[in-house]
Each structure stands twice: as structure tokens, then as C-alpha cells.
Amino acid sequence: MTKGIQVEKCARGALPKLLGGACAPRFRLRMILAFAALILAAVGYGPLAREIQFRRQVRVFTHAVNEKRLGEALDLAEGIKERHLPAREMLAGHTPTLASHPKTSGTFFKKALNSVWKGVRDRHAALTDPTAGNVLGMEFVKVDAGSFQMGSTDGNSDEMPVHQVQISHPFWMGKYEVTQKEYEALTEENPSHWEGDLHPVERLSWNTAVTFCKELTKAERKAGRLPVGYEYRLPTEAEWEYAARGGSKSQATKYAGSDDLDEVGWYSSNTLRESHPVGEKKANELGIHDLSGNVREWCLDFYGNKYYGESPESEAYGPSAGANRVTRGGDWFCGRDYCRVADRSNCGQSAGWRFLGFRVVLAVPPPKPQ
Ligand SMILES: [Ca+2]
Ligand SMILES: [Ca+2]
């Protein structure tokens with residue numbers, strides 16, 4: 001009776017049909033597992049399985065931290081480090097002294113977890129090469145992590161004081177301002193006044209630029225090309241200035257890539273007061289074009305004229321509120337002073353000027369504003 005039922009159930013499946021209708025449940029299970037293993041092997045079982053295991057361990061670790069089960073969290077942190085991070089020193093200096101640390105607390109473990117995540121993000125970023133392009137064929141330039149002196153001593157008052165800023169994660173910046181061709185390919189719209197496929201898109205609000213970045217992130221995630229933890233977004237003001245100054249290759253020029261603005265940028269004195277196709281002027285030290293001039297560029301931050309006096313050294317991004325958003329780099333309409341790498345400007349969030357566009361970065365999400 002039981003056997004008859006099993007055979008009847010078995011005969012209904014697709015696999016038994018392939019095998020001529022004869023199978024026992026155990027055999028059937030083995031065949032299914034073998035088939036699944038074959039599929040997983042075909043799609044890259046090793047990395048996938050490691051990733052799934054890693055994510056599960058981090059979830060368990062986070063839970064242990066939240067529950068303040070510190071001994072268990074310590075073991076889990078060790079396990080994550082041992083099994084998943086090639087940089088075995090990631091938590092060195094923390095875990096060996098953890099048990100006897102006088103301030104052992106959840107906060108301490110959260111810091112350790114952040115270190116783990118940073119290691120993983122950087123590892124994945126190194127494995128993926130966004131400079132190979134994206135769904136829109138955009139070109140990107142890698143900007144290594146580092147620190148720099150932000151601001152100037154001889155510019156406007158909002159550029160003071162000069163202060164040290166740390167860029168903790170590498171990121172990729174658009175080699176050019178976003179063009180109308182790229183914008184239209186993703187949104188099927190073109191708000192620009194100065195029309196031309198290779199001209200920068202302009203006359204769009206901060207929100208519209210942010211929406212474009214989100215749509216691009218979605219498209220690239222779907223295509224499976226985003227490094228883990230990375231997204232397309234507007235640059236923070238600090239990232240923009242760091243890249244404009246040439247990052248780790250900086251030659252300390254007044255404009256992005258030169259002390260002679262005519263060499264690197266379109267501005268009021270060398271244009272007929274209109275935008276130009278991107279990339280016609282010389283690039284800066286990193287190979288990025290038009291950071292000075294052509295169209296002014298939206299940044300992620302709210303603008304604060306006294307923000308430099310409060311800005312933190314690491315992960316500078318803020319302030320948390322404001323009437324306007326930061327815009328950078330000057331444009332075809334304005335004078336040379338606005339095209340300096342240190343100059344700060346700002347526009348109302350809903351502004352849609354014909355001299356105002358944007359460029360995107362591929363980066364980790366920004367920290368919370370100050
Ligand atoms: Ca520009
Ligand atoms: Ca200014």
C-alpha cells in the first residue's frame with residue numbers, strides 16, 4: 001500500500017519521467033541534489049556559497065552584539081575574520097585584547113563589525129571594475145581613498161577654515177558631466193536648454209539628479225555589476241573637491257588640472273555664454289574633465305556657510321539641514337573665480353538653471369550628515 005502510493009507520487013514528477021518513471025524517494029532526492037549542485041556549479045557556486053555563509057554569520061554576529069552576548073560575539077568575529085577576510089589583520093589590535101578590554105561593550109563590537117564591512121566592501125570593489133562602463137556606457141575614473149586639506153585661505157569666507165578631511169573609501173567618479181544622451185537613454189526625457197547629445201544635461205533640480213542616480217543604481221544592480229555596498233549617487237562636497245584637486249596625484253593647482261583656466265574649463269570669458277560638449281578641455285591629474293567650468297555640478301550636501309568650522313575630519317558630509325544644496329566648479333556663465341577647486345556655491349533644491357548639471361560617483365553610501 002505504502003509502496004504503491006510512493007510510486008504513484010514519484011510518477012507525477014518531471015524528473016522520474018526523464019528517468020523512465022522508475023524511482024525511489026531517496027534516489028529521487030539524490031538526483032535533485034545532484035541537479036541543484038550542477039546548476040550552482042554553473043553559476044559560480046564557490047563565491048555564491050561563501051557570500052551566503054558570510055552574510056548569515058554577520059547577521060548572527062550583529063544579533064549577538066545587540067544582545068550583548070559578548071563572548072559569543074567575540075568567537076563569531078574571529079570566525080568571520082578567519083574564514084572570509086584575506087586581510088587577516090583586519091581586526092588585529094582589537095580581538096587579541098578584546099576579552100580584557102576595560103571598555104568592552106556593544107559599541108566596541110559595532111566598530112569591529114564596521115571594520116569587517118569596510119574590508120568586504122573594499123575587497124569587492126577591488127574585484128569589480130566599474131571603469132569598464134555601465135548600462136549607459138558612462139566612463140569612470142577611480143579615486144583612491146586618502147586625506148586632503150579642504151578649503152582655502154585666500155578665497156571667500158565660507159571656504160575657511162582650511163581643514164583636514166579623510167576620504168575613507170575609494171570611489172569612482174564620472175569622467176565627464178552626465179551628457180544629454182546618457183540622461184535621455186535612462187529617462188526618455190531631456191530638460192536641457194543647450195541641446196546636443198554630448199553636451200551636459202542641465203536645467204534639472206537636485207531631486208531629479210538624485211532620481212537619475214537611483215534609477216542608474218537599479219539598472220546596474222539588475223545587471224549584476226555593482227560592487228557589494230556601492231551605489232550611484234551625487235558626490236559629497238568633500239569627494240568633489242578631493243577629486244577636483246587631483247586626489248593622491250594632486251599638483252595643487254588653482255583650477256581642476258591647471259592654474260590656467262582656459263586650458264581646462266569653459267567659463268564666461270572663453271564661451272559665447274553657452275555649454276560645450278563634455279571633454280573638450282584638458283583633464284585634471286586624475287583624468288577627469290570639466291570639473292572647473294562648463295556646467296556647475298550638484299553635490300549631495302546641504303550648503304552651510306559656516307560648515308567648515310564644524311566639519312568632522314573623517315567622512316565629512318553635512319550639515320543635516322539647510323535651505324540650499326551645494327553646487328561646485330563654476331560654469332560657462334560665470335567668472336573665473338567661481339571655477340576654483342575651493343570655491344563653494346549653492347542653489348535652491350528645485351532650481352533648474354541652464355548652467356547647472358551634475359556628474360555621478362559610484363561610491364559607498366555617505367555617512368549621516370552632521
Ligand atoms: Ca563642471
Ligand atoms: Ca563661492
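**Entry 1: the nonpolar core.** I began with the largest nonpolar core, which comprises 57 residues. Within this core, V143, W172, M173, A243 and L362 have the most contacts. I note that the model is a predicted one. At least two residues each come from β1, β3 (163-167), β4, α8 (206-222), α9 (237-244), α10 (261-264), β6 (296-302) and β10. The element that gives the most is α9, with five residues.

**Entry 2: V143.** I next examined V143, setting aside its neighbours within four places in sequence. What is V143 in contact with? I found P170, F171, W172 and M173, then Y242 and A243, and finally G247 and L286. Of these partners, W172, M173 and A243 also stand, like V143, among the residues with the most contacts inside the core.

**Entry 3: the open sheet.** I traced an open sheet of four strands, in the order β1-β4-β10-β5, and recorded its pairing as antiparallel. Which strands stand at the edges? They are β1 (140-143) and β5 (231-233); each has a single partner strand, so one side of each lacks a neighbour in the sheet.

**Entry 4: the β4 and β10 pair.** I looked at how strand β4 (residues 171-174) is joined to strand β10 (residues 361-363). The two run antiparallel and are connected by two bridges. I identified L362 in β10 as the bridge partner of W172. Both W172 and L362 are listed with the residues that have the most contacts inside the largest nonpolar core.

**Entry 5: helices α7 and α8.** I turned to helix α7 (residues 180-187) and its packing against α8. Their axes come within 10 Å and cross at roughly 65 degrees. That angle makes α7 roughly perpendicular to α8, because angles of 65 to 115 degrees are counted in this way. I recorded the crossing of α7 past α8 as left-handed. Which residues meet here? From α7 I listed Y183, L186 and T187; from α8 I listed F212, E215 and L216.

**Entry 6: the chain overall.** I counted 10 helices and 10 strands. The chain has 370 residues, of which 36% count as buried. I then considered contacts between residues at least 6 apart in sequence, and found that 68% of them join residues at least 24 apart.

Key: Residues numbered from 1 in each chain as written. Chains lettered and ligands numbered in written order. Predicted model: local features only at pLDDT ≥ 70, side-chain atom pairs only at ≥ 80, totals over all residues. Pairing = 2+ DSSP bridges. Core = buried A, V, L, I, M, F, W, Y, C linked by C-beta atoms within 7 Å. Buried ≥ 20, exposed ≤ 12 C-beta atoms within 10 Å, placed from the backbone. Contact = placed C-beta atoms within 7 Å. Axes fitted to C-alpha atoms, helices over the stretch in contact; angles between N-to-C directions. Parallel < 35°, antiparallel > 145°, perpendicular 65-115°, else oblique. Left-handed = near helix turned anticlockwise from the far one by under 90°.
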